[in-house]
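Work through the exercises below with the coordinates open. Each task is followed by a solution in steps.

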Amino acid sequence: MSAHKRARLNCSLKHQHWSVGKWANVMFSDESRFSLSSDSRWVTIWRERGTRFEPRNITERHHFPSRGVMVSAGIMMDDRTDLHFFDTGSVTAQRYRDEVLKTYVRLFRNAVGPDFIFMDDNAPCHRAGLIDDFLETVNIQRMS
């Protein structure tokens with residue numbers, strides 16, 4: 001079993017007895033990039049064996065990547081944040097703190113109170129020291 005699968009299993013076992021009320025205090029957040037073309041130039045097509053070159057399984061590709069948009073959001077059991085659209089450029093730790101944590105997550109923490117738990121996806125910009133410092137300063141508990 002891979003380390004990642006083992007970690008997910010351990011997390012599931014650790015939290016399997018949480019009540020609905022406890023889960024209601026957890027905010028899950030994530031970011032996704034949306035683009036009209038693939039950045040990786042890889043196209044995944046699910047097809048039957050032996051049908052590779054049939055017209056229905058051939059996709060036109062554009063070799064000029066289009067500009068995409070990065071979107072962030074958070075969800076809780078009975079609520080959600082607004083979608084946040086990052087203007088341009090990469091999502092750095094500072095932008096993540098200023099545009100997502102300060103703007104959305106901190107407000108939800110204040111509304112829920114000290115039982116609020118925040119769950120992100122371990123992206124590198126989420127693990128920077130300035131993010132840890134900010135979460136500690138505003139008393140936001142992060143789910144491991």
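**Exercise 1. The largest cavity**

Task: Find which elements each supply at least two residues of the lining of the largest cavity, and sort that lining by class.

Solution. Step 1: β2 and α3 (93–112) each supply at least two lining residues. Helices (H or I, at least four residues) and strands (E, at least two) are DSSP runs, numbered from the N terminus. A cavity is a set of points, on a 1 Å grid over the protein atoms alone, where a 1.4 Å probe fits but cannot get out; a pocket is an open set with protein on both sides within 12 Å along at least five of seven lines, and lining residues have an atom within 4 Å of a point.

Before going on, note the conventions. This is a predicted model in which local features need pLDDT of at least 70 and side-chain atom pairs count only at pLDDT 80 or more, while totals for chains, interfaces and linings use all residues. Residues are numbered from 1 along each chain as its sequence is written, and side-chain values use heavy atoms, with hydrogens and water left out.

Step 1: The lining consists of Ser 29, Ser 72, Ala 73, Gly 74, Thr 81, Asp 82, His 84, Val 100, Tyr 104 and Val 105.

Step 2: By class there are four nonpolar, five polar and one charged residues. Ala, Val, Leu, Ile, Met, Phe, Trp, Tyr, Cys and Pro count as nonpolar, Asp, Glu, Lys and Arg as charged, and the others, Gly among them, as polar.

Step 3: The space in this largest cavity is about 50 Å³, and the count of cavities of 30 Å³ or more comes to one. Grid points are joined across faces, edges and corners, and a volume is the space filled by probe spheres set on the points.

**Exercise 2. The largest pocket**

Task: Give the volume of the largest pocket and state which helix supplies the largest share of its lining.

Solution. Step 1: The volume is about 300 Å³. Of the 14 lining residues, Arg 8, Cys 11, Met 119, Asn 122 and Ser 144 are the closest to the centre.

Step 1: Helix α1 (residues 3–15) gives the largest share of the lining, six residues.

Step 2: The lining divides into four nonpolar, five polar and five charged residues.

Step 3: Asn 122 belongs to the loop between β5 (117–119) and α4 (129–137). Its phi is positive, about 65°, although Asn 122 is not a glycine.

**Exercise 3. Two residues compared**

Task: Decide whether Leu 101 and Asn 139 are buried or exposed.

Solution. Step 1: Leu 101 is in helix α3. Leu 101 counts as buried because its relative accessibility is 0%; buried means under 20% relative accessible area, exposed over 50%, partly exposed in between (1.4 Å probe, protein chains only).

Step 1: Beyond four places in sequence, Leu 101 touches Tyr 96, Arg 106, Phe 118, Ile 131, Phe 134 and Leu 135.

Step 2: Asn 139 lies in the loop between α4 and β6 (141–142). With a relative accessible area of 53%, Asn 139 is exposed. Its phi is positive, near 55°, in a residue other than glycine.

Step 3: For the chain as a whole, buried residues make up 29% of the 144 residues.

Notes:
Contact = heavy atoms within 4.5 Å.
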